[in-house]
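Subject: Structure for your records

Hello,

Here is the structure I said I would pass on. My notes on what was found in it follow below.

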Amino acid sequence: MRTFKLTLHIWRQKDARDAGHFETHVVPDVNEHMSFLEMLDVLNERLVAEGKDPVAFDHDCREGICGTCSMVVNGVPHGPQRATTVCQLHMRHFRDGEELWLEPWRAKAFPVIKDLIVNRGALDRIIEAGGYVSVRTGSAPEANEVPVPKESADLAMDAAACISCGACVAACPNASASLFMAAKVAHLGLLPQGQPERYDRVRRMIAQHDAEGFGQCTNHGECEAACPKEISMRFIAQMNRDFLHAMALSRQPVAARQGGAETVEKAKA
């Protein structure tokens with residue numbers, strides 16, 4: 001069993017109004033079998049024993065399912081291991097003596113609650129705006145009663161894998177939540193039960209996304225690279241097609257979605 005030392009530069013911030021700063025801590029006895037969050041637990045136990053304020057970070061399931069363990073490690077949302085949430089990131093991927101910089105998600109729509117914890121309520125409000133099926137569907141039907149093409153079913157499952165962690169927002173230079181939103185739009189829009197509200201859904205969710213202060217997608221692709229569930233950007237293209245269809249049906253202008261440099265700066269602020 002290998003143990004080693006790490007130097008952590010951790011973002012400390014009391015609340016959204018505080019300017020915040022980096023605080024340096026040395027963890028001398030890191031076990032290679034620890035998860036990243038277990039390593040932070042060890043640090044916090046030491047800080048509490050010393051009468052100091054522990055580092056606030058979010059977590060719940062610690063199984064890569066809930067999406068709450070959101071932080072940036074050395075500039076990468078969820079850390080350097082691809083398709084891995086930070087709670088499933090293990091210390092064997094780091095070297096003895098390495099320095100790590102830990103930060104919260106950076107986006108205007110994600111105000112800092114404390115230290116590495118941000119308020120991601122904006123994502124919930126996007127879902128409330130249209131990420132549901134409101135028509136009565138009755139009890140669960142027999143599996144083969146409603147015919148669904150296999151390709152559509154597979155794509156819907158791929159989209160439904162989104163855990164709403166917000167890594168796509170943190171990675172995007174525009175602080176856009178388009179990949180999150182597209183996944184939620186797609187997993188309903190690809191299935192028969194989601195068809196009656198398909199175009200109203202995308203119109204309402206995009207309107208809420210923009211109202212929350214997220215930036216616009218400019219196809220950088222950072223969102224797909226950072227997503228721990230490897231959600232594809234193809235869902236953004238499908239969402240945009242549905243949105244244009246929705247605007248054509250309602251005869252409303254789409255120019256309001258065209259964001260420039262000012263929009264990007266506001267979203268990242």
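Gly64 sits in the loop that runs between helix 1 and strand 3 (72-73). This is a predicted model, and what follows should be read with that in mind. With a relative accessibility of 4%, Gly64 counts as buried. Setting aside neighbours within four places in sequence, Gly64 is in contact with Thr85, Cys87, Gln88, Ile163 and Lys229.

Leu47 is buried, at a relative accessible area of 1%. Apart from residues up to four places away in sequence, Leu47 touches His25, Lys52, Asp53, Pro54 and Val55. Leu47 and His25 are 22 residues apart in sequence, and their C-alpha atoms are 9.7 Å apart in space.

Now the overall picture. The secondary structure of the protein amounts to 9 helices and 7 strands. The radius of gyration is 21 Å, close to the 18 Å that the globule rule gives for 269 residues, so the protein is as compact as a globular protein of that length. Along the principal axes, the C-alpha atoms fill a box of roughly 60 × 45 × 30 Å. Of the 269 residues, 46% are buried. Among contacts with a separation of 6 or more, 70% are between residues 24 or more positions apart.

As for the surface, the protein exposes about 13,500 Å², and carbon and sulfur atoms supply 51% of that area.

Asp15 is placed in the loop between strand 1 (3-12) and strand 2. Asp15 has a relative accessible area of 24% and is partly exposed. Beyond its neighbours within four places in sequence, Asp15 is in contact with Val112 and Ile113. Asp15 and Ile117 are 102 residues apart in sequence, yet 9.5 Å apart in space from C-alpha to C-alpha.

Strand 2 spans residues 21-31 and contains Phe22. Phe22 is also partly exposed, at a relative accessible area of 33%. Its contacts, leaving aside neighbours within four places in sequence, are His9, Ile10, Trp11, Trp101, Leu102 and Glu103. Phe22 and Trp11 are 11 residues apart along the chain, and their C-alpha atoms are separated by 4.4 Å.

Helix 5 has 12 residues (178-189), which at 1.5 Å a residue should span 16 Å; the end C-alpha atoms are 15 Å apart, which agrees. Is helix 5 enclosed by the rest of the structure or open to the outside? With 11 of its 12 residues buried, helix 5 is largely enclosed by the rest of the structure. The buried residues are Ser178, Leu179, Phe180, Met181, Ala182, Ala183, Lys184, Val185, Ala186, Leu188 and Gly189. The buried residues of helix 5 pack against helix 2 (121-130), helix 3 (150-160), helix 4 (167-171), helix 6 (198-211), helix 7 (222-226) and helix 8 (234-250).

Last, two backbone angles to look at. Ala175 has a positive phi of about 55° although it is not a glycine. Ala175 is located in the loop between helix 4 and helix 5, and is buried, with a relative accessible area of 0%. Ala83 also has a positive phi, near 55°, in a residue other than glycine. Ala83 lies in the loop between strand 4 (76-77) and strand 5 (99-103). At 35% relative accessibility, Ala83 counts as partly exposed.

Regards

Technical notes:
Residues are numbered from 1 along each chain as its sequence is written. This is a predicted model: local features need pLDDT of at least 70, side-chain atom pairs count only at pLDDT 80 or more; totals for chains, interfaces and linings use all residues. Side-chain values use heavy atoms; hydrogens and water are left out. Helices (H or I, at least four residues) and strands (E, at least two) are DSSP runs, numbered from the N terminus. The radius of gyration is taken over C-alpha atoms; the globule rule is 2.2 Å times the number of residues to the power 0.38. Buried means under 20% relative accessible area, exposed over 50%, partly exposed in between (1.4 Å probe, protein chains only). Contact means heavy atoms within 4.5 Å. Accessible areas come from the Shrake-Rupley method with a 1.4 Å probe; for residues, only the protein chains shown count as cover. The expected span of a helix is 1.5 Å times one less than its number of residues.
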